[in-house]
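Subject: Handing over the structure, with notes

Dear colleague,

I am passing this structure on to you, together with some notes to read beside it. Please look through the sequence and the coordinates before you go on to the notes below.

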Amino acid sequence: MKVTIFGTGYVGLVTGTCLAEMGNHVVCVDVDAGKVERLKQGDVPIYEPGLEPMVIRNHEEGRLDFTTDAAGGVAHGDIVFIAVGTPPDEDGSADLQYVLAVARTIGDHIDRYAVVVNKSTVPVGTADRVRGAVAEQLAARSSMVPFDVVSNPEFLKEGDAVEDCLRPDRIVVGSSSAKAIALLRKLYAPFNRNHDRMVVMDERSAELTKYAANAMLATKISFMNEMANIAERVGADIELVRQGIGADPRIGYHFIYPGAGYGGSCFPKDVQALARTAHAAGYDARLLGAVEIVNDTQKSRLFELLSGHFGGELKGLTVAVWGLAFKPNTDDMREASSRRLMERLWEAGAKVRAFDPEAAGEARRLYGERDDLQLVERPYQALEGADALVIVTEWKAFRSPDFTRVKSLLSTPVIFDGRNLYDPATVEEAGIAYYGIGRGRSLKGREHG
Ligand code: UDX
């Protein structure tokens, strides 16, 4: 099938590449000429396991192309995806200017029936607005070309994007047009392994499904972080509690890991945007507000533990940080907990020496050259003479460190484990003080110390 994708960000690029992988002829359109050129050369601007070779192969085999030519892009596709960004505006609502600009471009150039598919995460009611924007441009050129608008949210996770896209657990399609649904059924047929994964519904339900999924996952995390904070105070270990509750299949083991708070381009933005949507519809979404507050507080947790350990005297200290990305297997630092930690450390007069397998370049781009940030090439280099080690992102390489080496390199041997990677007893046996998230240690420390 002939497919056009507007936007070569995370969602657009991954979707386009996976659709090309299944044999479709895909054209990706982006306004950024530099990015388009790089993509044509096989240079993928994001770090995503497995993506680059797939982009190169499909491009070489002629199924995947990149262009800035919007008119040509619209002319190409029987199905035209909108996968551009919906950043939060000042009040946290999703900013639809890019989505609607693409819709107008489609309206300007469409010359035969096409299905316009909203892949971007957009507030309920956006399909109507996209339809309106396309229709307005068609009317302006007195054209009667028929088209349908479908809501088809994307559920891929950064770091697992290719896998999620090739093997989705469900494909949500929101539309009332039988013709459009039939076309999407054909497009997604190769993704329907052993049973039909397409869940067809109306547009608004599809739009809300995306927000509900992300808000539910964010709620699980904030819930666990709240439990961790309670565990800390009552002398319980949240890691045991996590296993104890996860065994109940109604709760499950997924997304109940306490930590330094959730980040990324989706949860923070989507929880906020959904709360705004609810507010605009006259409903006060108190649970969503609480999820956001708990997460915001949690992002400061590592700083508070450090500050507590050093009696509030952080000036002049050097803190080693392992992990800058908002989660492993990505170089993305949007809303990352590492940023809150570093910014608070800098405010308090401490220096940061950080290692991340992929995100150093992003950290440099965000913060530039500064005396109080040193980005190093190797994990243990961050530790040399540092006063503490903080784990912010659970990259695999951090899971089983040589604690003897860690101890010998740190000037004060103490680990702040923001993802509960280590067994506290093992760390303490190595002669290193240990702080985790919700492990009841602070209480024990007070009792024994
Ligand atoms: C998320 C959704 O998972 C995905 O379905 C949606 O399409 C986009 O948003 P993503 O933002 O890529 O994906 O990352 P995800 O793996 O969900 O992690 C988000 C954040 O939650 C990370 O900062 C992670 O560290 C944190 N997290 C996740 C926890 O703190 N605890 C957990 O148990 C799980």
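Is Ile437 buried or exposed? Ile437 is buried, because 27 other C-beta atoms lie within 10 Å; the word buried is used when 20 or more other C-beta atoms lie within 10 Å of a residue's own, exposed when there are 12 or fewer, and partly exposed in between, with C-beta atoms placed from the backbone.

Before the rest, two remarks on how to read these notes. This is a predicted model, in which local features need pLDDT of at least 70 and side-chain atom pairs count only at pLDDT 80 or more, while totals for chains, interfaces and linings use all residues. Residues are numbered from 1 along each chain as its sequence is written.

As for confidence, the mean pLDDT of the protein is 95, and 98% of its residues reach 70 or more, pLDDT being the predictor's confidence in each residue, from 0 to 100. For the complex, the predictor gives an ipTM of 0.94 and a pTM of 0.92.

To return to Ile437, this residue is found in the loop between strand S14 (433–435) and helix H18 (441–448), where helices (H or I, at least four residues) and strands (E, at least two) are DSSP runs numbered from the N terminus. Leaving aside neighbours within four places in sequence, Ile437 is in contact with Ala228, Ile238, Pro258, Gly259, Arg301, Gly418 and Asn420, a contact being two residues whose C-beta atoms, placed from the backbone, lie within 7 Å. Asn420, one of these partners, is in the loop between strand S13 (414–417) and helix H17 (424–429), and counts as buried because it has 21 C-beta neighbours inside 10 Å. Asn420 also has a positive phi of about 50° although it is not a glycine. Most residues other than glycine have a negative phi.

Ser142 likewise is not a glycine and has a positive phi, of about 45°. It is placed in the loop between helix H6 (126–140) and strand S6 (147–151), and it is exposed because 6 other C-beta atoms lie within 10 Å. Gly107 itself belongs to helix H5 (residues 97–109) and is buried, with 25 other C-beta atoms within 10 Å. Not counting residues up to four places away in sequence, Gly107 touches Ala133, Val134, Ala135, Glu136, Gln137 and Leu138.

The ligand is surrounded by 19 residues, of which the closest are Glu158, Tyr257, Tyr262, Gly264 and Cys266; a residue is near a molecule if its C-beta atom, placed from the backbone, lies within 6 Å of it. By class, this shell divides into 11 nonpolar, 4 polar and 4 charged residues, where Ala, Val, Leu, Ile, Met, Phe, Trp, Tyr, Cys and Pro count as nonpolar, Asp, Glu, Lys and Arg as charged, and the others, Gly among them, as polar. Helix H9 (residues 203–234) supplies the largest share of the shell, 3 residues.

Ser222 also lies in helix H9, and it is buried, with 26 other C-beta atoms within 10 Å. Beyond the residues up to four places away in sequence, Ser222 touches Val291, Val294 and Asn295. Thr297, found in helix H12, is partly exposed, with 15 other C-beta atoms within 10 Å.

The protein is divided into domain 1 (2–201) and domain 2 (297–448), with bounds that come from an automatic or database domain assignment. Their C-alpha centres lie 39 Å apart, and the contact takes 4 residues from domain 1 and 7 residues from domain 2.

Finally, in helix H14 (residues 337–347), the buried residues are Ser337, Ser338, Arg340, Leu341, Met342 and Leu345. They pack against helix H12 (286–299), helix H13 (301–309), strand S9 (318–322), strand S10 (351–355) and strand S12 (388–391). After H14 comes Gly349, whose phi is positive, near 90°.

With best wishes
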